[in-house]
Amino acid sequence: MVRFNLSPSLIGRYFYHDCDRYLRYHATPEQEREASGIPVLLPDTSPVTAALLDAGISWEEQVIRTSLAGRVRVPGGAGALAERSFSIEESFALLPDLAPGEALYQPTIPVSIHFLQKYGLDPELHRFAPCRPDLVVRDGTMLRVIDIKASEELSISHRIQATLYALFLDHALTLLGIDRKVDLCRAGIWLYDRDEPETFDLSLNIRVLEEFLRFRLPAILAAPPDEVSWHLTSRCESCEFSGSCRAEATSRRSVSLIPDLSTAACRYLRDDLGVTTLPDLSRFLDAPGSDLHLKICGSLAHQQSRLSAIVQALETGLTIPLEGTSRALPVYEDIGITLTLQRDPVSGRIYAAGFRRFKGDAVYGSPSREALFVAEDPDDCVRVQREFIRALAGELEAVHDYNRPREWADQKSVQTYVYDTYEADLFSRLLADALNDPGAAADALRLRFYYQDAGMADGQNHPNTPVAYPLVVLTREIRRLLALPVPFSLRMPEVLQELQSSRFAFELNPGSLFWHDHGNALKGDAIVMAWGGRRAEALEWIRSELSRRLLATGSLLDGLRERVRGGLVRWPANFRFPRPWDVSNPEISRLLFIMEYESALGALRVQELRSRPWAARVRDGISIPVQKSIGNFWKVQSPIDSLLFEQSATFSYLLVPNGDAGEEAQAGFDDPRYRDSMNPGKSGVCFARVQDTIVDRKAGLLKGFALEVGYGRGHAPFSEGDEAVLHPRFTDFTAKRYRERLLELDAEADNAFLRLLSDPHSFAGQVSEPEAIRREAGLLAKKAGFTPSQARAFEKMLASRLTLVWGPPGTGKTHFLAAAVLALVKARRVHGRRVRVGVTAFTHAAIENLLVKMQESIDEYGLAAELPLYKLRDLRTPKGERCLQALPHDRVESVVDYPALVLGGTVHSFGRLEKFLPSLDILIVDEASQMKPAELALVITALGEEGRLILAGDDLQLPPIVLGGYPVPDDGLPGLEDSIFAYLRHRDDPASPVYTCQLLENWRMNATLSLFPAETLYGSGYAPATEAIGRQQLSLLPGEPPASPGRELAHWILDPTYPLVLCVLENVRTTVENRIEAELVAHLTSGLRERLADPATGAPYPATEDGDYRFWRQGLFVVSPHHAQIHAIRSLLAGIRDWQYQPFVDTVDKMQGQEADAVIISYGVSDIETALAEAEFIYSRNRLNVSVTRSRSKCIVFLPRPLLEPPLDLLQNERASLGLLHMLDLQEFCRTRGEERIFDLDWIEGAAGASLTVLRVSESGEDG
C-alpha cells in the first residue's frame, strides 16, 4: 500500500499544471515509483535550476536581513539562513507572543491526522510532512502567512501554497488551544525586488482547496498511475516527467500531439467521447453528428473542419490550408523588421534583444541591417534596453524622415514582426519599463506611440493616431491560416522546415543548449553560464543564436506568404511616428487616447469577425446572404435566428455582391477611414441601413429586410433578383465630437470638467443658496415624504455643488430625482429666482422616464403653468410620446429666456446646442454609472458657474462597454475608461463621504430578496422601505397535486414562502445552449402561467393577448446571458403554449430598470472553457447583481455546477474573480439560511444521470 507524500508546494504546482498525472507521479515515494510503472528521474543538473535555487535563497536572506531587520525572529544556528527553522515546540511557544508587526521566520507547522480526517483523507494513505512557511507575521491581533518568492508575478501555485499554510496553521492553533486567530481572509507573497509583500484574498482559494481535499485529491491518488489523466502543454516544460510523457504521446499517436489543444478539451475527448489517439479522433470526426458533440466543449465548438485538417496534416505530413483570411498579416511591406527578445528565467530581466531589417534600400542605402544586444552581466541589462531602443527608434526615424517630404505614392510602409507571443509581451514590457529610464525614455515613448497598447492609458502623454497592427505575431497567423504537420506546439525549427521559402531557404537546428522541447523562448542555461563566470564565450553563442532566429523569422514569413497569399487582404500604411496630442492636461490626453483606442479596437473587432471562415460567418449571422426583391425589400436566403441578428445589429452595414469580388471588397474595406461617413465613395462597397425587418415571430426567424442602400462611386444599383451579402460595418459618429470638446476644454485655463476630475472634493463646494430658499425647499421635501436616506441626499443637493446619488436597485432613484428637482425649482420660483434644469442620461429611455416622472408630479408643486418640460430633438418611448413635448433643435432659441425650464436630451444634443442654450442651474445625469467621462464633457459646459451637478447611478449594476484591457491605476481606483460615476464614487471617503449619498430604502424587493445584496454589496441599511414591501409574496393560486416528478420539483421551487431559490444543475455539460436547463425554465414558466394571480383581479391572467402581455410585463421575465440559451427557452415555451404576446426572455441589458413579481435567471453555460473564454461577461458581478434584484417576490437562479468550480486560473482575472465570489456568496447564503433538496432529472429527455440541487430560502431567512 502506497503512502503518498504531499506538501503545499506540490499541491500548488498541481494547480499550476492542472495535470492529475503530475500529482500522482510526484506524490508517489521515489522508492516505489519504478514498481508502480512511473519513470525514474535523473537529477536535474542544469545551470538554470541551480541558479533559481540560489536566487531564492539570496532573495529570502535579503528580505529577512534588510527589509525586516529588527522586526523578525530568526532561528539560531551556524548554518545558512534558509537551512534553519524553529521546531514545532519553539514555533508554538513564540507565535502567541509576537508583537504587532513582528514576524517569525520558518516556524514548523505539523499537519495532524485530525486535519486529514476533517477532509476525509486516510492518514494511512496520505501524509503531509511538517511544513515551514517563510514568515508568519502578526497583523493587529491576527497572524498572517507570508511566503517569500524570487518571482516577478503572483502565480496560482503561490496562492495555493500560502493558503494551505494558513489552513494548517489555523487548525494547529485551534487543536493546541492557543488563543490566536489566523488571518483566513488574506495572505501575502513577497515577490522579487518588491519593498513589501503583495497580499491577496483567500476566500476563493479556501473554498476551492477544501473541495479539492475532500473529493479530487483522494480520487487522483486512488487511481493507478497509468489511468490518471494527462496532457502536454507549454507548462509541462517545468515538469521532470515531460520527456517521458512526450515520448509516450508520440508512440501512441495521442491527441496531445495536436498543437494548442487545451487540457479541458483533451479531458473531454478522453472521458466523454473515448477519443485518445489521432486515429480515434479521425474516425470520430468522420462520423455523423460529431459537430454536435464538439459543441459541448468550448474550445472544440465549431472546430470540426479545423480539427480534421490538423489530424490530416499530422497523419500525412502535409500542410493543409484553412478557411478564412488574416487581417494582421500584410500582403507586402516596403520595409520589414523582425524582433526577438529574451528573458532571464532567474531574475526576470530582459538580457537579450535584437532586430533585423530587410528591404528598404531606397531609404537606408542597404538591403538589410541586423542589431543584436546581449547583457554581459545582470546590471548590463539596462544598457541592452537603451541601445536596443535607440537603434530601433533610429531605424524607424529614417523612414519617418524619408516619407515626410514625399508624396503619398512615393512613401514607404513598414511592418514589424515577432515569431511568438512571448516576444510581443517582452517588447511591450521593455518599452513600458524604459519610460522610467532617463537614458531611454524619449525614444521609448516615441516607439510606444507607434507600437500602441492599452497600458499607455496610464501615462501622461498619448499618441493622436491609432496604428493598426503595428506588430504581427506570426504564430497567431499560422494558427489562423494553416494546419501544419508539426506536433505539440508551433516550435520554430519544425515550422520553418514545413514553410521553407522558395526565395530564401534557411534551416534552424534546435540544439539542446537553447531550445526547449515545447516552446520558443530561449533556454537560460547559456546566460547563466556567462553571468556566472564559467563560460564567457556563451555571450557569443547567444548572439549567434539570436541572429539565426531573426533570419529564420524572415525566411518563415516569406514561406508563409507563399502558401497563404489568397488569404491576405491588408496593405500596411505608409510609416510615420504618431504625434502626441497637443494638450497640457494629462487627464485630457488620457481621455483622448482612450477614446481613439476604443474606436480602433471596435473597428478591429468588426474586421476580425468579417475575416472568419465563410461557413462560420453565415452560421453565426455575421454575414447574411440576401436577394433583392421589390423596391427596398431584400429576402434573407437562409433565415436566421432573429435574436442572433438583434444582438449583433449595427447602425450600418456593408452590402456587396455575392461572390469572390464581393468577398474581396468587404475583406479589404477600411472601417476606421469610413467610421463617420455615410458615403462609401471609392471603397468598392455599398452602405446599407436596416429600416425594417421581416420576422416570423412564432418561429423566431428573420426572413427579410427593408434596406436603405447608399451606393459607392461607379457602383451600379442592384436589380431585382440580384444576390448580395450583408456584412457588419464599424461606425463611430461620436469620436470627432468628443475630440473637439476635449481639446476645447484643454485650451480653457480653468473649467468645471477638469476640476471635477482632478479634485472632486474641491468641486463639491458649498452652493451660495439664500437661507430662505433652503428653508422653503426643506419644507417641500418633508411634504414629498422622502425616506431618511432620500432626505439626506436632498440636504446634500441643497448645500453642495456636486452630489452623487448612489441608487441601488429598487431605491426609487427616479422618483426621488423628480421630487427633489421639483422641490428645488418651486423653492427658487417662490423667491423669484431663475431656474434652468438639464436632464441627460446614457439612454433616451432613461431621459424620458425621468421627464415623465417630473411631468406626472408637476401639479403637486403648483408648477404646471410655469415650468415647461421639453425633450430635445424627438421622443423615443411610448410614455414620452404620450406625456412630453419634443423641442426640435432649431426651436431652442425660442425658450432660452424662460425663467424656469427643464430640458432633457442626450449629451450630443446638449453638445450641439451649447451656443444657444441658457446656462443650467441644475444638471442631472441619470445612468451616470454607464456614462464615460468623455461623454459628460459634452454637456458639463452647459452648467453655470454656481450650478449643481447631480450624478445618479449605481456602479454595481451594468457598467459602460470597455473593449481595452487597461491597467489598474497605482491607487487601485477606477480609471478614466470606467464610468464617471465609478471614477468619482471611489474617490470619495467611504467612511465620511463628501459628495456621495446612498439611497437605502428598497421599494421593490421583499425582505429575503433584499438581504443578499445588503450583506454582500450595499450594507445592512439596504432594506425594504415598508413592512408591507418586506412581507410581499408571490400570489399563486392552488394547483394540481404534485403527482409527477416534474410537478413535484415545480411545486417545491415555486413555493411562495421561499422567495430566493438557487438551482444548481449537476452532471450536465454544454457551452452556450443548455437544453436541459431550458426545459426546467420552460416547465417552471408553464407552472407560473397557470397559477400566478393577476394583481388586478386575484384570478389567473386571462388567456388573451392582454393577459399574456401583462403576465410577461409584470408577472415574470426570464434572463439569460447568451442568445443561444434565450432561443432554446423561447423555442420550448412556444411548444407548451400558443402565446399571444411574445415571452419576455432576454439578456440582463434589456432588463435593467425593470421589475416583475418573479424572475428566472438561466446561466446555461456549464462548460468551463466557454466560461473562462468570456470570464468578465459570465462572471460579471454587476450582471448577476442586476439579475437577482429585478424581482419583487420571487427570484429563481439556475447555475450549472462547473461555473461554481472553475480552475484557479480565474483568480488571475480580478473582475471575474469578484463575480465568482458573488456566485459563491449566493450559494453560501442559500445554504446557510435555507434548505436543500436534490431532484433527479431522468424525466427530462436526454437528462439521464443529471440532477438538480435546489437550495431555497424562506421569508424568515431561516431553514424551513
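His302 sits in the loop between H12 and H13, where helices are DSSP runs of H or I with at least four residues, strands are E runs of at least two, and both are numbered from the N terminus. That's our way into a predicted model, in which local features need pLDDT of at least 70, side-chain atom pairs count only at pLDDT 80 or more, and totals for chains, interfaces and linings use all residues. Residues are numbered from 1 along each chain as its sequence is written, and side-chain values use heavy atoms, leaving out hydrogens and water.

- His302 has a positive phi of about 60° even though it isn't a glycine.
- At 41% relative accessibility, His302 counts as partly exposed (buried is under 20% relative accessible area, exposed is over 50%, and partly exposed is in between, with a 1.4 Å probe and protein chains only).
- Ser299 is in the loop between helix H12 (290-294) and helix H13 (304-316), and its relative accessible area of 36% makes Ser299 partly exposed.
- Setting aside neighbours within four places in sequence, Ser299 is in contact with Ser262, Ala265 and Glu1169 (contact means heavy atoms within 4.5 Å).
- The side chain of Ser299 makes a polar contact with the side chain of Ser262 at 3.3 Å, and another of 2.6 Å joins the side chains of Ser299 and Glu1169.
- A polar contact here is a pair of N or O atoms within 3.5 Å; within protein, one must be able to donate a hydrogen and the other to accept it, and residues adjacent in sequence count only if both atoms are side-chain atoms.
- Ser299 and Ala827 are 528 residues apart in sequence and 62 Å apart in space, C-alpha to C-alpha.

**Another positive phi**
- Arg253 isn't a glycine either, yet has a positive phi of about 55°.
- Look for Arg253 in the loop between helix H9 (242-252) and helix H10 (263-272); at 29% relative accessibility, Arg253 is partly exposed.
- Most residues other than glycine have a negative phi.

**Domains 4 and 5**
- The domain assignment, which is automatic or from a database, includes domain 4 (586-731) and domain 5 (750-999).
- Their C-alpha centres lie 37 Å apart, and 10 residues of domain 4 are in contact with 14 residues of domain 5.
- Domain 4 and domain 5 bury about 990 Å² between them, 75% of it on carbon and sulfur atoms (buried area is the accessible area, with a 1.4 Å probe, that two parts lose on being put together, summed over both).
- In domain 4, Glu587, Leu591 and Glu598 lose the most area to domain 5, together 52% of what that side buries.
- The rule finds 1 salt bridge across this interface, a salt bridge being a side-chain nitrogen of Lys or Arg within 4 Å of a carboxyl oxygen of Asp or Glu.
- Lys932 forms a salt bridge with Glu598, with the closest N and O atoms 3.9 Å apart.

**Buried spots**
- Helix H35 (residues 933-940) has 8 of its 8 residues buried, so H35 is largely enclosed by the rest of the structure; among them are Pro933, Glu935 and Ile940.
- Asp1108 belongs to helix H41 (residues 1105-1115) and is buried, with a relative accessible area of 1%.
- The side chain of Asp1108 makes a polar contact of 2.9 Å with the side chain of Arg1089.
- Beyond neighbours within four places in sequence, Asp1108 has contacts including Pro1102, Arg1137 and Trp1139.
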